[in-house]
Amino acid sequence: MNVIIGTRGSKLALAQAEYVKNRLQKHYPQNSYELKIISTKGDREQKKALDQMGDKGLFVREIEQELLDGTISLAVHSMKDMPAEQPSGLVFAHAWKREDPRDVLILREAVSLEELPQHAVIGTGSRRRAFQLLQLRKDLRITGIRGNVDTRIKKMQEEQLDGIVLAAAGLHRLGRTSLITQYFEPEQMIPAAAQGTLALELREGDKELSGQVNALSDIVTEEITCAERLFLKGTGGDCHMPIGAYACKLPDGRMQLLGMVGSADGSSIKKCKVFGETPQEAAQRALRETGCTR
Ligand SMILES: NCc1[nH]cc(CCC(=O)O)c1CC(=O)O
């Protein structure tokens with residue numbers, strides 16, 4: 001089988017696609033593999049604020065179209081960037097083991113959040129991160145920042161920001177772990193739903209490839225991703241809303257789910273911690289506790 005893997009061209013997207021290619025190659029050396037870089041609307045319109053571009057799936061639509069057209073056989077994305085709804089005819093393979101789901105702080109000079117001077121300026125384009133950061137340190141000033149991981153690090157230097165918040169997973173995958181000043185525990189800063197998990201998307205009915213990809217999956221990641229995405233879907237929000245979800249399995253086998261839903265301006269933030277026997281039960285309880293359902 002010839003496996004053509006579609007990916008965006010950013011360094012992080014390429015690192016993720018290479019990782020998937022190498023892991024498949026190791027387990028299935030009988031296949032041939034190639035990467036195909038696909039430019040998306042999100043890549044081409046870097047200058048517009050994300051809020052203005054608005055629509056979901058900005059970084060995925062062209063890639064999904066190539067899957068449907070059959071010009072690629074597997075798409076690799078970050079699951080946290082995937083819209084809740086998927087085009088018909090496409091499915092996700094079972095998730096592989098997730099990378100570190102936490103958010104991290106990269107500081108230009110200070111050594112910790114506590115040691116930052118009063119009114120220090122932190123860059124992030126995510127309201128989820130901004131509002132939770134302000135819960136930890138009310139005096140901080142938040143400034144918008146976007147672009148890929150390298151761009152944000154460069155902007156922190158050029159614009160003399162005191163720091164930025166990024167996902168640990170991206171930095172680990174790029175080999176930039178040494179830049180990290182501090183990790184936030186999920187209870188302090190609830191990550192985005194499925195942060196650190198790859199989305200491996202393929203055509204429904206592609207039995208041979210899905211069999212191979214699914215055989216390398218991680219059942220715990222599959223369950224926690226299910227709980228986090230069900231919660232996200234139930235809130236009705238997309239990646240621009242201040243919504244967080246973090247699930248993990250406890251030693252007794254139950255699932256724990258931390259949920260967060262904020263109003264658009266951050267004036268009200270609801271957080272919860274619930275337990276459930278199944279992803280569905282945990283997600284339902286979290287939606288009820290955050291006031292998304294009754
Ligand atoms: N929104 C961009 C994005 N999409 C996925 C990751 C990191 C990797 C991951 O969460 O799997 C990042 C960068 C970041 O948020 O710092």
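Domain bounds here come from an automatic or database domain assignment. On that basis the chain is divided into domain 1 (2-95 + 197-217), domain 2 (103-183) and domain 3 (232-289). What you see is a predicted model, where local features need pLDDT of at least 70, side-chain atom pairs count only at pLDDT 80 or more, and totals for chains, interfaces and linings use all residues. Residues are numbered from 1 along each chain as its sequence is written.

Taken over C-alpha atoms, the centres of domain 2 and domain 3 are separated by 24 Å.

A residue counts as near it if its C-beta atom, placed from the backbone, lies within 6 Å. The residues around the ligand are Ser78, Lys80, Asp81, Val149, Leu166, Ala167, Ala169, Gly170, Gln195 and Gly196. Two or more residues of this shell come from each of β8 (163-167) and α7 (168-173); helices (H or I, at least four residues) and strands (E, at least two) are DSSP runs, numbered from the N terminus. By class, the shell has 4 nonpolar, 4 polar and 2 charged residues, with Ala, Val, Leu, Ile, Met, Phe, Trp, Tyr, Cys and Pro taken as nonpolar, Asp, Glu, Lys and Arg as charged, and the others, Gly among them, as polar. Domain 1 and domain 2 both give residues to the shell, so the ligand lies between them.

Next, the strands; two of them pair if DSSP finds at least two bridges between them. Strands β1 (residues 2-7) and β2 (residues 32-37) run parallel, joined by 6 bridges. Glycine 6 has lysine 36 of β2 as its bridge partner.

β1 also pairs in the parallel sense with strand β3 (residues 74-78), over 2 bridges. There, isoleucine 5 stands opposite leucine 74.
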